Amino acid sequence: MPALSLWNFPFHLSKVWEEVRTYLSGGVSTMTTITQISGSSTQDREKLLTGEELRDLLCRLHEQGPGAWSQDAAVPKLMEYVCEKYAALAVKHGLDPWEAASAAFDVMRTCAAREARDPWAVITHAVRITCIYEERAQGLLCSVH
């Protein structure tokens, strides 16, 4: 089975966040501002807020088998919501919001997220740990692996 990643989705995810940086001479970053430039309706996003509904979606995608993540209509909205949800956490650790969304995507495909009492808690914990390790790896100029 080929490895799934956020970047092999056949659909195009529009850029949800724009990062604006102000620099001093010498390239020192002094300020970073993240602004939302596109989004989905509140009703669509509210469907994904509860843990039970997320668990149902994750179980459905798992049961559909390989390719379900790239073909299901709910996935783009879920990933945009996840990017929005974890953007602040990613920025806190000096990462792009889509890096946090990629970490969330990886954990959403696991059995732990599907079977957890609170799937959002499992995902949030995994994203937080990933962001910490990514930040540390960038500081040490090495891989997280």
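**Exercise 1. Find the salt bridge of arginine 109 and describe both partners.**

Solution. Start with the partner: the side chain of arginine 109 meets that of aspartate 106 in a salt bridge, 3.3 Å from N to O. The term requires a side-chain nitrogen of Lys or Arg within 4 Å of a carboxyl oxygen of Asp or Glu. Arginine 109 is partly exposed, with a relative accessible area of 29%. Aspartate 106 is partly exposed too, at 38%. Here buried means under 20% relative accessible area, exposed means over 50%, and partly exposed lies in between (1.4 Å probe, protein chains only).

A note on the model: it is predicted, so local features need pLDDT of at least 70 and side-chain atom pairs count only at pLDDT 80 or more, while totals for chains, interfaces and linings use all residues. Residues are numbered from 1 along each chain as its sequence is written, and side-chain values use heavy atoms, leaving out hydrogens and water.

**Exercise 2. How many salt bridges does a search of the whole structure find, and where is the bridge of arginine 60?**

Solution. The search finds three. In one of them, arginine 60 and aspartate 72 meet at 2.6 Å, N to O. Arginine 60 lies in helix 2, and aspartate 72 in the loop between helix 3 and helix 4, so this pair ties together parts 12 residues apart in sequence. Helices are DSSP runs of H or I with at least four residues, strands are runs of E with at least two, and both are numbered from the N terminus. Arginine 60 is partly exposed at 35%, whereas aspartate 72 is buried at 13%.

Now take glutamate 52 and arginine 55, whose side chains form a salt bridge of 3.0 Å, N to O. Both lie in helix 2, three residues apart, about one turn of the helix. Glutamate 52 is partly exposed at 45%. Arginine 55 is buried at 16%.

**Exercise 3. Describe the aromatic pairs.**

Solution. Count them: the whole structure holds two. Tryptophan 69 and phenylalanine 105 have ring centres 5.1 Å apart and planes at 90°, so they are edge-to-face. Rings of Phe, Tyr and Trp (its six-membered ring) pair if their centres lie within 6.5 Å; planes under 30 degrees apart are stacked, over 60 edge-to-face, the rest tilted. Tryptophan 69 belongs to helix 3 (residues 68-71) and phenylalanine 105 to helix 6 (residues 97-108), so parts 36 residues apart in sequence are tied together. Both residues are buried.

Tyrosine 81 and tryptophan 120 also pair edge-to-face, 5.7 Å centre to centre with 70° between the planes. This pair links helix 4 (residues 74-85) to helix 8 (residues 119-140), 39 residues apart. Tyrosine 81 and tryptophan 120 are buried.

**Exercise 4. Which residues have the most contacts inside the largest nonpolar core?**

Solution. They are Tyr86, Met108, Ile123 and Val127, in a core of 29 residues. A nonpolar core is a set of buried Ala, Val, Leu, Ile, Met, Phe, Trp, Tyr and Cys residues joined through side-chain atoms within 4.5 Å. Helix 6 gives the most, with eight residues. Finally, look at methionine 108. Setting aside neighbours within four places in sequence, its contacts include Leu54, Trp69, Val82 and Ile123. Contact means heavy atoms within 4.5 Å.

**Exercise 5. Outline the chain.**

Solution. The chain has eight helices and two strands. Along the sequence the pattern is β-β-α-α-α-α-α-α-α-α. Of its 145 residues, 34% are buried.
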